[in-house]
Amino acid sequence: MEKAQFGMIGLGTMGSNLVLNIADKGISVCGYDLDLGKRQQLLEVAEGQPVQTADTTAELVAALERPRRIMMMVPAGKIVDAVIDEIAPLLDRGDILIDGGNSHYTDTDRRIGKLAGMGIEYTGMGISGGEEGARFGPSLMPGGTKESYAHLKDILEKIAAQTDEGACVTLVGNGSAGHYTKMVHNGIEYAIMQMICDVYGILKNALGCDNDELHAIFHKWNQGRLQSFLVEISAKIFLQPDDRNPSNRLVDVVLDRAAQKGTGMWTSVSALNLHIPTPTIDEAVVARDLSVFKAERMKIAAFRKSPVENAGKPDKEAAIKDLEDALYFGMMTSYMQGFHLLQAASMTYNYGVDMAEVARIWKGGCIIRSIMLNDIRKTYLADQNLINLVFDKDFYLALQEQRQGLVNSLKIAMDYRVATPALSSSLQYAEMWGTGRLSSNLLQAQRDFFGAHTYERTDAEGSFHTEWN
């Protein structure tokens with residue numbers, strides 16, 4: 001049998017769909033999984049395609065042309081290290097090992113260092129798009145060396161999602177840049193998802209919209225400036241019938257206890273370490289954590305008054321228009337925070353990330369794809385050193401145009417006691433950036449009062465301390 005051009009370790013949903021995607025492009029693949037059933041299932045589905053399987057890692061390595069290109073699609077953490085320990089001794093200098101999972105970027109840096117001594121190229125690659133993306137075209141975020149990417153480029157460009165600006169893949173940057181970029185992507189994803197949930201809460205609980213109306217509203221929004229994958233699927237969700245009771249909609253019986261795998265939290269932790277403000281992402285993480293306390297929330301809800309007494313009935317049509325502005329405002333601040341963090345990390349860790357390229361590869365295939373990324377890309381093309389999109393006058397003024405709609409929406413939410421953590425934080429984020437003199441002068445005075453931490457003055461250089469008593 002001829003040598004395969006690509007190897008895949010892990011034939012679960014993502015791994016097997018990537019194999020089929022690669023094979024569709026005429027690229028021969030050899031897959032391996034500990035589970036014999038998964039190997040057999042892949043061969044059945046891929047009948048007639050250039051796909052083979054191996055019974056052991058040694059057999060997989062022997063089946064590949066050199067330099068070997070092997071992707072691991074296994075759960076992040078100790079399993080990745082176990083696979084590396086098993087397969088690394090079988091590889092030769094110049095072979096390329098790719099981690100396509102959601103590994104923490106610090107683990108990727110450690111693994112790069114470990115394998116470099118063996119002459120093995122290690123690529124941490126973020127993959128976005130879920131099951132469908134893996135099968136028909138994901139957004140790919142590989143990091144590592146230019147030399148290793150040269151051996152991967154042709155294959156990755158063929159299997160990635162395609163847009164008017166090319167394949168949604170690029171060498172994101174050095175070292176662990178690929179996994180760091182995917183982590184930031186996931187943080188933005190958390191924020192936008194919570195933002196949509198905030199808006200949904202107002203539409204349903206304050207404006208009384210039923211599922212048909214909710215579908216119509218989100219579908220209409222997806223035809224305009226809010227066009228995005230997450231708005232699109234939200235519209236579809238409202239129409240999905242419940243299999244157990246087809247007369248009901250499934251969304252109404254889904255338990256409001258949100259799960260997470262931790263990548264949003266990683267984004268917040270990294271942002272805190274780098275002192276980059278990402279409040280909307282942080283609030284989205286907190287909202288998921290708080291949602292878990294379902295029993296406790298139910299007890300409190302039993303004696304809470306809702307809505308606020310004497311709250312006026314909103315003008316439904318005007319409120320829906322305001323909510324469109326609010327969602328636009330919130331989605332934009334989510335991107336602002338994510339790109340700000342990525343830019344700061346790129347400078348701190350010497351990743352060399354091109355923000356315009358990141359915006360380009362996020363335009364297709366990935367979960368956070370949206371029409372907004374077109375303007376974001378153009379802005380970074382004009383100024384590749386832009387620290388934060390909020391510093392671009394056009395972007396900031398665009399936010400201000402939507403501000404009143406957001407404020408009106410938050411007023412309704414407060415009157416009807418609808419929780420809107422992401423929308424609220426996005427407003428405060430923009431307000432603080434636009435405030436020339438914050439109240440932090442009092443904070444500095446407090447710190448000096450109780451801890452002699454010193455303060456700076458507006459009228460003199462240097463640090464000062466006062467005996468406040």
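The lining of the largest cavity comprises two nonpolar, six polar and one charged residues; in this classification Ala, Val, Leu, Ile, Met, Phe, Trp, Tyr, Cys and Pro count as nonpolar, Asp, Glu, Lys and Arg as charged, and the others, Gly among them, as polar. The model is predicted, so local features need pLDDT of at least 70 and side-chain atom pairs count only at pLDDT 80 or more, while totals for chains, interfaces and linings use all residues. Residues are numbered from 1 along each chain as its sequence is written, and side-chain values use heavy atoms, with hydrogens and water left out.

A cavity is a set of points, on a 1 Å grid over the protein atoms alone, where a 1.4 Å probe fits but cannot get out, and its lining residues have an atom within 4 Å of a point. Grid points are joined across faces, edges and corners, and the volume is the space filled by probe spheres set on the points. The count comes to one cavity of 30 Å³ or more, and the volume of the largest cavity is about 40 Å³. Its lining is made up of Gly101, Asn102, Ser103, His179, Lys182, Met183, Asn186, Thr263 and Trp266. Helices (H or I, at least four residues) and strands (E, at least two) are DSSP runs, numbered from the N terminus.

The strands come next. Seven of them form an open sheet with mixed pairing, in the order β3-β2-β1-β4-β5-β6-β7. At its edges stand β3 (51-54) and β7 (139-142), each of which pairs on one side only. On average, neighbouring strands of this sheet are turned by 25° against each other, direction ignored. Two strands pair if DSSP finds at least two bridges between them. Strands β5 (residues 96-99) and β6 (residues 121-128) run parallel and are joined by four bridges. Opposite Ile98 stands Thr123 in β6.

The cysteines remain to be considered. A disulfide is a covalent bond between the sulfur atoms of two cysteines, taken here as a pair of cysteine sulfur atoms within 2.5 Å. The structure holds zero disulfides. Cys168 is buried, at 0% relative accessibility, and Cys366 is buried with a relative accessible area of 0%; buried means under 20% relative accessible area, exposed over 50%, and partly exposed in between (1.4 Å probe, protein chains only).

Terms used. On a 1 Å grid over the protein atoms alone, a cavity is a set of points where a 1.4 Å probe fits but cannot get out, and a pocket is an open set with protein on both sides within 12 Å along at least five of seven lines; lining residues have an atom within 4 Å of a point. Axes are lines fitted to C-alpha atoms, for helices over the stretch in contact, and angles run from 0 to 180 degrees between N-to-C directions.
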